[in-house]
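Student: Please take a close look at the helix packing in this model. How do the packed helices sit against each other?

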Amino acid sequence: MLAEEVLHWLRVDPGGTYVDATVGLGGHAVQIAARLTTGRLIGLDRDVGALEIARERLKAYEGKVALVQADFSRIDEVAREMNLPPVNGILADLGVSSLQLDTPERGFSFRLAGPLDMRMDSRMELTAADIVNQTAEGELADLLYRLGEERDSRRIARAIMRARPIRSTEHLATVVAGARTSRGRQKLHPATKTFLALRIAVNRELEELGQFLNRAPATLAPGGRWVILSYHSLEDRMVKQEFRRLAAEGLMNVLTRKVLCPTEKEVAANPRARSAKMRVAEKLMPTASAEELAS
């Protein structure tokens with residue numbers, strides 16, 4: 001997503017060290033690695049299947065690239081474990097990979113019949129089926145409203161309670177569509193927000209993002225760029241607020257005064273890019289205190 005813009009704002013130094021914190025299938029990583037000479041790229045992802053594909057795509061850059069199965073919230077731990085110097089750039093693309101969306105047995109898509117799974121890391125225990133079938137009605141309604149911004153959350157939760165047990169994506173999508181209030185022509189599938197909320201809950205995405213936003217700045221070198229692509233309002237709000245806070249504290253300079261969105265041409269070529277939003281910040285040089293200046 002926004003491939004040219006990512007590379008422009010990341011401003012890759014051929015000898016620099018970079019972290020692709022959500023390497024996915026390696027699309028951005030290939031572009032970054034191709035610009036490195038003596039530099040290094042570290043790619044993180046929690047999805048072992050995605051890492052296998054990324055590793056194959058990055059074979060030509062084997063000496064410059066290291067891939068690690070890890071949540072992006074662990075960026076500081078991975079940097080310490082690998083003895084990385086302060087890095088010149090960090091990229092985080094918060095979207096779901098095409099591998100996850102297009103593999104029915106992963107259970108991410110309401111368009112494909114499959115089990116209600118939605119785990120990005122198969123080592124995790126909690127699945128979407130667990131939430132759908134075991135959560136109390138009021139708690140489920142709150143979850144759909146809070147994480148999916150679903151206005152019909154109470155009607156949907158009530159319908160889910162009546163239809164339990166629900167084991168497949170197809171069954172859940174049908175239940176949700178039948179419970180939603182019709183509001184004229186709908187751009188989104190009726191189950192979009194429900195599936196989004198469940199995916200966020202299963203993978204603890206907002207908690208992971210919060211930890212990443214808190215820990216990533218310490219791994220950046222002064223002048224290092226931090227590029228984040230988000231895909232829904234909850235993520236973008238968190239990124240925007242954290243960038244503002246860091247700027248107010250004099251730690252970062254926000255380079256994108258307005259959020260950057262894909263062009264009509266990119267959306268036409270890749271409809272999944274339509275909701276992408278990009279924000280970029282740069283780490284500032286630490287300022288000397290009055291005591292340090294006096295000495």
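**Helix packing**

Tutor: H9 and H10 are oblique to each other. Angles under 35 degrees count as roughly parallel, over 145 as roughly antiparallel, 65 to 115 as roughly perpendicular, and the rest as oblique. The model is predicted, local features need pLDDT of at least 70, side-chain atom pairs count only at pLDDT 80 or more, and totals for chains, interfaces and linings use all residues. Residues are numbered from 1 along each chain as its sequence is written, and side-chain values use heavy atoms, with hydrogens and water left out.

H9 spans residues 169-179 and H10 residues 192-202. Their axes come within 9 Å and cross at roughly 130°. Helices are DSSP runs (H or I, at least four residues), numbered from the N terminus. Axes are lines fitted to C-alpha atoms over the stretch in contact, and angles run from 0 to 180 degrees between N-to-C directions.

In H9, Thr-169, Leu-172, Ala-173 and Val-176 meet Thr-194, Phe-195 and Leu-198 of H10. Contact means heavy atoms within 4.5 Å. This contact holds five nonpolar, two polar and no charged residues. Asp, Glu, Lys and Arg count as charged; Ala, Val, Leu, Ile, Met, Phe, Trp, Tyr, Cys and Pro as nonpolar; the others, Gly among them, as polar.

Now H11 (residues 205-215) and H12: their axes come within 11 Å and cross at roughly 20°. That makes H11 roughly parallel to H12. Glu-205, Leu-206, Leu-209, Gly-210 and Leu-213 of H11 meet Leu-234, Glu-235, Met-238, Val-239 and Glu-242 of H12. Six of these residues are nonpolar, one is polar and three are charged.

Conventions
Helices (H or I, at least four residues) and strands (E, at least two) are DSSP runs, numbered from the N terminus.
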